[in-house]
Amino acid sequence: FNKKSCDNFFQIITAEFYALHAFNAKDFDVLSELLKKHDGAHAPSISLDKKSDGTDADEKYQIRSISASKSGKVVKAVFGRCRFNENLEQASEKTDDKDVELLPGHGLVEKNHFLFFSENNLIAYQKNGNGSGIGKLQRYLTRLTKKNIALEAVLTEDSYKKLIDAGPLKRFEASIVPPKFSELEEESSLYRAVENFKSDNATRIKITLSANAGTPLSNSYKEDLVSLARAGWAKVARATVRPSNNVDFSDDADLKDQIIDLISNKIRIDFEVKLDEKNKPAPNEVWHGLAQAKDKCNAQLKAFFDPE
């Protein structure tokens, strides 16, 4: 949202952090190499979805405005959603509607600025409700590079491992937004997780499962929740687990169930950006804000990448 201060407008932007995980170790540098190859320009644009008739949708996704630092260790870029064939109209309160004429071959661009830190494959990503979620960026990279990768949310603690290693699963809640035309063969690591919850025409799938006393849910649901949360497809991923088998069961022990939330533990940092004369945040201001946001949570990032 925007706010006014001292006759200047500012926008509050939220930074989120993701780590690129390559399921094959030799693909660790896949994003670094892609950005290096297109430094000073744009990466290829591709369609991610299909129309009902099987043709490409009227929008393409692209990593744009790529600019690497002198050392090459930090890269500034924009993930753009380019919408074509839009019939736009403009009007004021006192005038009739008029068409908005775009230049030939041009479309509307919705942007998410991001910084990439090659040392640990970290992405500082601008959250933008008018742009694209991290799941779109993952699908773009998977399609473009043909590599099996995931963009994992960086958490305030390693809740992924915490859930897998936790005691019996008593209950879980999930709200899932799968791609409409997911090409599952390109995302084989998520195939089973998606199939487990799939509904043919569902655009959002909400599930709550609870176990009877003494009969826990299958541990496979833990792995599914982790896979979907890592992929950015789960908007809610919350599990209730019982104490593990190796805890103290004495009379004085605290045997309360534990709730593990894979979404609320994301590291998020808000920052202010001054708007320019066109009421837009200048790209360099957004990138600078993302860099400062990273500096603010360096201790948390270090704990995530180098747990003791």
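The side chains of Arg81 and Glu110 meet in a salt bridge, with N and O 2.9 Å apart, a salt bridge being a side-chain nitrogen of Lys or Arg within 4 Å of a carboxyl oxygen of Asp or Glu. Because Arg81 lies in strand 4 (residues 74-83) and Glu110 in strand 7, the pair ties together parts that are 29 residues apart in sequence. Helices (H or I, at least four residues) and strands (E, at least two) are DSSP runs, numbered from the N terminus. With a relative accessible area of 22%, Arg81 is partly exposed, whereas Glu110, at 14%, is buried; buried means under 20% relative accessible area, exposed over 50% and partly exposed in between (1.4 Å probe, protein chains only).

The model is a predicted one, in which local features need pLDDT of at least 70 and side-chain atom pairs count only at pLDDT 80 or more, while totals for chains, interfaces and linings use all residues. Residues are numbered from 1 along each chain as its sequence is written, and side-chain values use heavy atoms, with hydrogens and water left out.

The protein contains seven helices and 14 strands, and of its 308 residues 40% count as buried. Among contacts (heavy atoms within 4.5 Å) between residues at least 6 apart in sequence, 69% join residues at least 24 apart.

The count of salt bridges comes to eleven. In one of them, the side chains of Lys136 and Asp49 meet at 2.8 Å, N to O, and this pair links distant parts of the chain, with Lys136 in helix 2 (residues 134-145) and Asp49 in the loop between helix 1 (30-37) and strand 3, 87 residues apart. Lys136 is partly exposed at a relative accessible area of 22%, whereas Asp49 is buried at 11%. A further salt bridge joins Arg238 and Asp261, the closest N and O atoms being 3.1 Å apart; here too distant parts of the chain are linked, Arg238 being in strand 12 and Asp261 in strand 13 (residues 258-261), 23 residues apart. Arg238 counts as partly exposed at 26% relative accessibility, and Asp261 as buried at 14%. Both residues belong to a network of salt bridges in which Arg171, Glu173, Arg238 and Asp261 are linked.

Leu151, in strand 9 (residues 149-153), counts as buried because its relative accessibility is 1%. When its neighbours within four places in sequence are left aside, Leu151 is in contact with Tyr18, Ala19, Leu20, Ile123, Ile134, Leu137, Gln138, Leu141 and Arg230. Leu151 and Ala22, which are 129 residues apart in sequence, are 8.9 Å apart in space, C-alpha to C-alpha.

Two residues stand out in their backbone angles. Most residues other than glycine have a negative phi. Ser65, however, which is not a glycine, has a positive phi near 50 degrees; its place is in strand 3 (residues 59-68), and at 36% relative accessibility Ser65 counts as partly exposed. Asn121, likewise not a glycine, has a positive phi of about 60 degrees; Asn121 is placed in the loop between strand 7 (108-117) and strand 8 (122-127), and it is buried, with a relative accessible area of 0%.
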